[in-house]
Amino acid sequence: MRRPFSRRRPGGHRTAPDRGILSTADWSQRRIRWSVLALHAATLIFLLVIGLGPILWMLKSSITPTLDTLRQPMALWPNGFDITQFATAWNKVHIDRYLFNTVAIAFGSWLVQIVVATTAGYALGVLRPRFSGVLTGLVIATLFVPPIVLLVPLYLTVVDVPIVHWRLIDSYWAVWLPAGASALNIILMKRFFDNLPREIFEAARVDGAGPFRLFWSIVLPMSRPIIGVVSVFAVIATWKDYLWPLLVLRDPDIQPLSVRLPILAPTTDLGVFIAALTISSLIPIALFLIFQRLFLQGAGVTGALKG
Amino acid sequence: MGSITEAAPATKTTARPRAARFRLTQEGLGSFVFLLPFLITFGLFAWFPILRAFVMSVQDTNLVSEPIFVGIENFQRVLADPLFGIAIRNTAWFAFLALIFGFPVPIILAVLMSEVRRYRGLYSALAYLPVVVPPVVAVLLWRFFYGASPNGVFNTILGWVGLGPLPWLQNSATAMPSIVIEATWAAAGATVIIYLAALVGVRPELYDAAEVDGASIWQKIRYITLPQIRNVLFVVLILQLIATAQLFTEPLLFTGGGPANSTMTVLLLIYKYAFQNSLGGDYGMAAALSLMLAAFLAVFTAGYYWLTRRWSVDS
């Protein structure tokens, strides 16, 4: 069985080989070893400043009184602490409600994406009905259409959905349903299902399992790794999304953080606002720290797929 | 297991026609049910809007009255708009700057990181961290970093080494480079991870062979590492260009297209046509401009692939 995420390549090379550009002979030369180690240290410091620096600054400023942040933004140690800024952001600026909205939007988008991607991946990769080749081609074709082409016609579609004539503006369905039409999800799922051993399906079929049973009891449990990758990216993408919710969710009470924050910026006290920014970043950063492997694997996989 | 596979052809040959037809219809129905969510979402929210974009570009549509066929008038009006040339120039300028800042840095970082033997996970996590910060949060945070007064965050840092203060977003000459620096910060981590995945896939025998021939470290990087990841580099480069052509959140939230339209990008102009028009949205013009952008990107990508293919064959 070939596992798509295994660390083995055809030909038996591990993807993390025992050596890289430098050979053991290079490493044993003192001058090279020290300069390489110095380079590594410099890289680490650079990454700490660039990657962690702005986030640490945000954390510090969210508990620093506004005046201190304005007067000395780069002071390492603030003169005073003001934890109440979090409480103000949460209760008075209603970050609690917008955070809840964001979670609701992310959860719905995730559910729609998983339902569409698993069922479609199963139908196209395992059941393979007659027109599955054409349908796969149509999915791949949408990958080549830049999202910008979709923006305006998709907006008009959501204003008045064809056939059923629903107006989805100011409803979360306007975000949830289009999220399902993700070509990348379908292709990732289909590729994973293509690589599952077909003998298992044949055996299950002989034992009398219908397509539904096969999906629910065999294919879904086997596809947990790819569902994990798609889930993480679905949640993060929704959390990041700005333009689309800005267009289709006009009612301030149902808007997510990404849409509310720019509107709140001019009228909110700076310290309180930075506390609000911190709250908004906590969940994505926490998800990343928990599912780090999944994220980094997924970034490599989507990269390889694009290649 | 073995007995089942051997038994299966026997039953097939005896009752073949009926069994086959039965299985086909039953599975046909099953696959249709499984395809349904996919067909609905893609039909309504991907395939239909793509077709509609073409129809809209030759119509006068405003949601109120019935659409009227106007031919290429929308395209002509876009081309006649003085903002069109400005948006094209700005987007090209952004793409060029993004290339200068955004292309070499991830390669250098990835090559350095691929040689790290211990705690490589820590390096990758740090590099990827900015990617998971929501873009709106990042832009609003950086907008404060770019404060133009001497007490701004970046101006304070410049002050330590006796430089500045710079006007950053306030000046039409520095606004676009400022946006590019933030956008590079936000996106570089994902590119680093893609390159790293390509770098660890380089076969160690190639380095062994080069060492037998007496290659130095630089020669190994120049003649083995970079050529081996060349295809990934080409693909990332074109994807980066396609992404920069569709830049929106950053210019809208940093500067709103200003100062003096110096950060007005093509996507911002499309948004302006469709959603910031006091006379009601001009959807036809917006569709025309987005199709022109897509056509340009398609031609550009095709030409790019043709060129890189030729280079790959040559060498």
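This is a predicted model: local features need pLDDT of at least 70, side-chain atom pairs count only at pLDDT 80 or more; totals for chains, interfaces and linings use all residues.
# A first look at chains A and B

Of the 315 residues in chain B, buried ones make up 39%. Chain B has 15 helices and two strands. Where chains A and B meet, 89 residues of chain A and 86 residues of chain B take part in the contact.

**Where the chains meet**

- On the side of chain B that touches chain A, helix α2 (residues 16–57) of chain B gives the most, with 20 residues.
- Sorted by class, that side of chain B holds 66 nonpolar residues, 14 polar residues and six charged residues.

**The largest nonpolar core**

- The largest nonpolar core has 153 residues, and the members that touch the most others are A:Ala276, B:Ile270 and B:Leu289.
- Helix α9 (residues 175–199) of chain B gives the most to this core, with 17 residues.
- Leaving aside residues up to four places away in sequence, B:Leu289 touches B:Val78, B:Val266, B:Leu269, B:Ile270 and B:Tyr273.

**Contacts along chain B**

- Among the contacts in chain B with a separation of 6 or more, 63% join residues 24 or more positions apart.

**Helix α4 of chain B**

- Helix α4 of chain B covers residues 82–102, which is 21 residues. At 1.5 Å a residue it should span 30 Å, and its end C-alpha atoms are 30 Å apart, so the two values agree.
- The buried residues in α4(B) are B:Ala87, B:Asn90, B:Thr91, B:Phe94, B:Ala95, B:Ala98 and B:Gly102.
- Looking down the axis of α4(B), you find its buried residues within an arc of 140 degrees, so they line one face of the helix.
- The face of α4(B) turned away from the buried side carries the exposed residues B:Pro82 and B:Gly85.
- The cover over the buried residues of α4(B) includes α5 (104–114), α9, α12 (230–244) and α14 (266–275) of chain B.

**A glycine in a loop of chain B**

- B:Gly152 sits in the loop between α7 (135–145) and α8 (153–160) of chain B.
- B:Gly152 has 23 C-beta neighbours inside 10 Å, so it counts as buried, the cut-off being 20 or more.
- Not counting residues up to four places away in sequence, B:Gly152 touches B:Tyr146, B:Gly147 and B:Pro165.
- B:Gly152 and B:Pro167 are 15 residues apart along the chain, and their C-alpha atoms are separated by 9.9 Å.

**Two positive phi angles in chain A**

- A:His94 is not a glycine, although it has a positive phi of about 65 degrees. You can find A:His94 in the loop between α4 (84–91) and α5 (95–127) of chain A.
- With 17 other C-beta atoms within 10 Å, A:His94 is partly exposed.
- A:Arg128 is not a glycine and has a positive phi of about 50 degrees. The place to look for A:Arg128 is the loop between α5 and α6 (132–143) of chain A.
- A:Arg128 is partly exposed, with 15 other C-beta atoms within 10 Å.

**Domains of chain A**

- The domain assignment of chain A gives domain 1 (24–82) and domain 2 (93–267).
- Taken over C-alpha atoms, the centres of domain 1 and domain 2 of chain A are separated by 38 Å.

Terms used:
Residues are numbered from 1 along each chain as its sequence is written. Chains are lettered from A and ligands numbered from 1 in the order in which they are written. Two residues are in contact if their C-beta atoms, placed from the backbone, lie within 7 Å. Helices (H or I, at least four residues) and strands (E, at least two) are DSSP runs, numbered from the N terminus. Ala, Val, Leu, Ile, Met, Phe, Trp, Tyr, Cys and Pro count as nonpolar, Asp, Glu, Lys and Arg as charged, and the others, Gly among them, as polar. A residue is buried if 20 or more other C-beta atoms lie within 10 Å of its own, exposed if 12 or fewer, and partly exposed in between; C-beta atoms are placed from the backbone. A nonpolar core is a set of buried Ala, Val, Leu, Ile, Met, Phe, Trp, Tyr and Cys residues joined through C-beta atoms within 7 Å. Domain bounds come from an automatic or database domain assignment. The expected span of a helix is 1.5 Å times one less than its number of residues. The arc is that of the directions from the helix axis to the C-beta atoms.
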